[in-house]
Structure formats: structure tokens, C-alpha cells
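Please read the following explanation with the sequence and the structure open beside it. The text goes from one part of the fold to the next.

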Number of protein chains: 2
Amino acid sequence: MNSDEKKLSRRGIIVGAGKLALGAAGIALVSSGGQNLVSIAEAKETPLPWPYEKIDPEETAKIAYDGWYKAYCSYAVASGILTPLQNKIGGPYSMLPVDGLRLGEGGIVGWGTICGTLLGATVATGFIAPYDVGKQVVNEVMQWYSDTQLPVFTPEKPKAEVRLKSVSNSPLCHISVNKWCQAAGKSFGSPERRDRCARLAADIAAHTVMLLNDWKDGKFVSTLKMPPALYGTTGQHNCNECHTKIPDVIG
Amino acid sequence: MNSDEKKLSRRGIIVGAGKLALGAAGIALVSSGGQNLVSIAEAKETPLPWPYEKIDPEETAKIAYDGWYKAYCSYAVASGILTPLQNKIGGPYSMLPVDGLRLGEGGIVGWGTICGTLLGATVATGFIAPYDVGKQVVNEVMQWYSDTQLPVFTPEKPKAEVRLKSVSNSPLCHISVNKWCQAAGKSFGSPERRDRCARLAADIAAHTVMLLNDWKDGKFVSTLKMPPALYGTTGQHNCNECHTKIPDVIG
């Protein structure tokens, strides 16, 4: 850091203008010669949850679908949710480079763990909703992902024909993708599988936004228990798919 | 938005001081009456990768261990990596409320999918490293997590005694946690299991930082293939643990 930077970073940023760009505690507005100027110092984060305004799930779905072809699933969903908020609200959303979330692709760099769409939805929700609400929203999205015949979304200009829908019974990329591939008779590398995942990104982004919009309207209610409350440990709901015998629960 | 906010948001922020607080394209520095002032408008994101300076893996480990007891695994690792950068570099890291990443807890709100420590490491790395490097770093961390007798970290003031280490052979929370619980004869709710996960958060955060420091020093090399290059689909490396018979690979 040079001396100018130190001077800046010591002073801190405070905006009179509230939630606008850099968070309530972020930027101090100074009027000088007709110009609005601010003194800068320690840039502070905007406290969570970040301001949320309802966005259009259809717009979200389209952005997510297109986003999949730019940087795959995790980026696609994060972009579908956060880009409209960057446009509508600006900061703090506009400070967040959504590209940074693309490593969730393929269940995290191809490891087939959590579906990247759900990782993107989880991280975006974490900034938008208060913790207790976000937890329930993500729980509902995980369940919907697992239970629903997907994909639902039909793009205006599809890149491939996707006729088959399937139920994953799991939020894991490996299970979800390969059940679809087997049922559709398509390979992982096929244009159809790729478009299935792009459509699914649109579905997850839109569904997450619908729940967040409900919450914004005071209509979001969830009675769904989280897995540890059911099983006494973390897990998904399809035990028998991996376990031929469920291990004894300890303690 | 009121008119002041509009004025601000139209003008944009540009910092002469470069990487300091809000990104190269973010804040324009104006010197006036001995004060450094900036005009504000559309707050822009700092382009990726964000500036990185080597940090101390031991400090990271301690922050992650303590962080686990504040908000669990995903927050713990993200905090262990990002808090030292917030302190050392400031913006853009200081604009990111790390609390937003806590929904990764318990394999994402208790679903036992990706270990939350790995989710935290993935998201943090996504901001720090260029995409191609980040992908390899996360791939290495996932492999190390799966192959290594963990936990390694020993806290100065442990909250519980953790004698047993175990190899998960998987990056999934459910598998990793329950293999440890079975081997240690401890329940999911026990203080020992909790401390095992807190120590593991310290390990993953520190290991990620060591790889990032190597990269900063020009010493990071990875020849590890990502799973799709090996299997033709996304997946982890322990197929037989879930599959009694590997399904035919299609196409």
C-alpha cells in the first residue's frame, strides 16, 4: 500500500444515501462545487441481508439459461438471481463479480457433488435473505429440486431438443445428471444433456426467486424439516439408494 | 431512489489508487483542500481475480477453527481465508459479508452434500485465483480432503478431545462425518464430532491457503485430472461405495 492508499483506507467510506452503492456504513457524501464527492477509507460491507426487491422469475430464468452457456450451472443460477438485482438495486450487488461463483460447475469442478445450480442458489440466497429465512428457502429449493420432474423451462431459442424430464431424488449433480442421461439415452457430452442442465439452471433460479418474492410479500411459509431433524445426522432423503443396509445410528 | 442517490449512481466510482477499496474501475480520486475525495456513481465490481497477498496458514487455521463455533463449516473456511485478506488488503474483500456463506453448513443446510468446508474454500478461491488456477486449486483441495487422515489441526484451547483421524474417501459431508462418527464411536451431536468438524475446517482453510500461496510464489503445479476427464461424467472417485454395479456408461 502506498501512502495515498493508506490515507484512504484509514478514513472509511460513509454514504449518506443509504443502501445505494456501498452500504449504509460505507460512503460519506460531501457536496463541493456542485459535485457530490465522498471521502474514502475502509470500505465496509453492507450488512446482511442485502436489500431485496421482487424480480421477475421469467427474466431470471432466461438469464440463467443463457448464463449456463457462458460459465455453466453455478454461475448461471447466481447470475439469474443477482444480475436483475445488480440492475435494479445496484450496490451492494454490483460489487459482487458473479463470475467468482463459477467453480461450482459440475458439482464443484466436475466432482458431481452438490448440483452447481443449487450452489449458486445457496450463495445468492445467503446475501439476500436473513439467515433463518435463507435456510428455509434453500431447504425448500433442495427438496423441490429432488422431487420435481425437471427440466420445466422451455427456452425461446433452444440450443438442443430436450423432451425427457426426470426426478433426481437427490440434490447431487452426479445422481441427477446420470439418471437423466440413462432415462433419455443421451451421453454426458451430448448437446441434449447440456441443454437439459441449462434449462434446469433456469428452473432452479426461477423457483428460488419465486420463494424470495413470496418472502418479500410476507407469504413465504415453510414447515419442511431439515434432514438432521429427521435423521440425527446430515443427509439427503434417499438412504437406500446408496445404503443396502442403513448403518446403526450411533448415540 | 431519491435524486441524490440517482446523481450518485449515475456518476460511477473510480479510484486512482487502484486495487485499494473498490476496484480499478470503481472510484475516481479527487484531491480537494487536503482531503482525498471521490465522486460516486455506479459502484462497479473489482474485476476478478481480486488482488491476493500471501497469508499465514496458521492464522487462517485459527480463524477457521473459531469461526466454526460462530457459524459452522462453510462460514468457518471462508472466514479463515477472507478475513486475513480483509485486514491486509481491504477492498474488495471488505465489501463481502462472509456471513452470507454460512448456508453451506452441514453439506448445505444439513443435506449432507458437499462438505461445507469445501464450499467455503471453493467460493473464496473463486474470487482470489484466475479461473483456470482456481479450478486446479479446488480440485487439489477436494482430493486432499478425500485422501487425508483428518483432522490434523490441534487447537491451542480445544473445546473437546479429538483423538481419532479418518479418511473420508469422499468430499461429501454425510460420508465424511459418518465415517468419522462410526470409527470414533461418537454421535453426530457429540462435542467430539463438533470439534472434529471445527478442526477439519481449520485444515481445509489452511491447505487452500498453502496452495494459493504456492500459486502466488509461482510454485503451484497440478497434474491432477478432473473427474469428467477420467469417467466421462461428473463424479467422485469411490464409485463402488454407492454402486454395487457401475451403470453402463452411455455414449
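In chain B, helix α2(B) passes helix α6(B) in a right-handed crossing. The structure shown is a predicted model. Two packed helices are described by the angle between their axes and the distance between the axes. For α2(B), residues 57-88, and α6(B), the angle is about 130 degrees and the axes are 7 Å apart. Angles of 65 to 115 degrees count as roughly perpendicular and those over 145 as roughly antiparallel. The two helices are therefore oblique to each other.

Helix α6(B) covers residues 191-216, which makes 26 residues. From its first C-alpha to its last it reaches 37 Å, close to the 38 Å expected at 1.5 Å a residue. Is this helix enclosed or open to the outside? Of its 26 residues, 19 are buried, so α6(B) is largely enclosed by the rest of the structure. Just after the helix comes B:G218, with a positive phi of about 75 degrees.

The next topic is the nonpolar core. The largest such core has 126 residues. Those with the most contacts inside it are A:A201, A:A205, B:A201 and B:A205. Which residues does B:A201 touch, leaving aside its neighbours within four places in sequence? Its contacts are B:A64, B:Y65, B:G67, B:W68, B:C73, B:A76, B:V77 and B:T117.

Helix α2(B) also packs against helix α3(B), residues 116-128. Their axes come within 6 Å and cross at roughly 35 degrees. Here too α2(B) makes a right-handed crossing. On the side of α2(B), the contact is made by B:Y72, B:C73, B:S74, B:Y75, B:A76, B:V77, B:A78, B:I81 and B:L82. On the side of α3(B), the residues are B:G116, B:T117, B:L119, B:G120, B:A121, B:V123 and B:A124.

A further helix of chain B is α5(B), residues 173-184. Its twelve residues should span 16 Å at 1.5 Å a residue, and its end C-alpha atoms are 16 Å apart, so the two values agree. The buried residues of α5(B) are B:C173, B:H174, B:I175, B:S176, B:V177, B:N178, B:W180 and B:C181. What covers these buried residues includes α3 and α6 of chain B. After α5(B) comes B:G185, whose phi is positive, near 70 degrees.

Now turn to chain A. Chain A has eight helices and two strands. From the N terminus on, its elements run α-β-β-α-α-α-α-α-α-α. How much of chain A is buried? Buried residues make up 55% of its 251 residues. Among contacts in chain A between residues at least 6 apart in sequence, 62% join residues at least 24 apart.

One residue of chain A to look at is A:D195, which has its place in helix α6 of that chain, residues 191-216. A residue counts as buried if 20 or more other C-beta atoms lie within 10 Å of its own. A:D195 has 21 other C-beta atoms within 10 Å, so A:D195 is buried. Apart from neighbours within four places in sequence, A:D195 is in contact with A:P158, A:K159, A:A160 and A:V162. A:D195 and A:A121 are 74 residues apart in sequence, and their C-alpha atoms are 19 Å apart in space.

The last topic is the backbone. Most residues other than glycine have a negative phi, and most peptide bonds are trans. A:Y72 is not a glycine, yet has a positive phi of about 70 degrees. This tyrosine has its place in helix α2 of chain A, residues 57-88. With 23 other C-beta atoms within 10 Å, A:Y72 is buried. B:I108 is not a glycine either, and has a positive phi of about 80 degrees. B:I108 lies in the loop between α2 and α3 of chain B. Having 30 C-beta neighbours inside 10 Å, B:I108 counts as buried.

Where are cis peptide bonds found in chain B? One runs from B:L48 to B:P49, with omega near -10 degrees. B:P49 is in the loop between β2 (35-39) and α2 of chain B. The peptide bond from B:G91 to B:P92 is also cis, with omega near 0 degrees. B:P92 has its place in the loop between α2 and α3 of chain B.

Methods. Residues are numbered from 1 along each chain as its sequence is written. Chains are lettered from A and ligands numbered from 1 in the order in which they are written. This is a predicted model: local features need pLDDT of at least 70, side-chain atom pairs count only at pLDDT 80 or more; totals for chains, interfaces and linings use all residues. Helices (H or I, at least four residues) and strands (E, at least two) are DSSP runs, numbered from the N terminus. The expected span of a helix is 1.5 Å times one less than its number of residues. A residue is buried if 20 or more other C-beta atoms lie within 10 Å of its own, exposed if 12 or fewer, and partly exposed in between; C-beta atoms are placed from the backbone. A nonpolar core is a set of buried Ala, Val, Leu, Ile, Met, Phe, Trp, Tyr and Cys residues joined through C-beta atoms within 7 Å. Two residues are in contact if their C-beta atoms, placed from the backbone, lie within 7 Å. Axes are lines fitted to C-alpha atoms, for helices over the stretch in contact, and angles run from 0 to 180 degrees between N-to-C directions. Angles under 35 degrees count as roughly parallel, over 145 as roughly antiparallel, 65 to 115 as roughly perpendicular and the rest as oblique. A crossing is left-handed if the near helix is turned anticlockwise from the far one by less than a right angle, and right-handed if clockwise.
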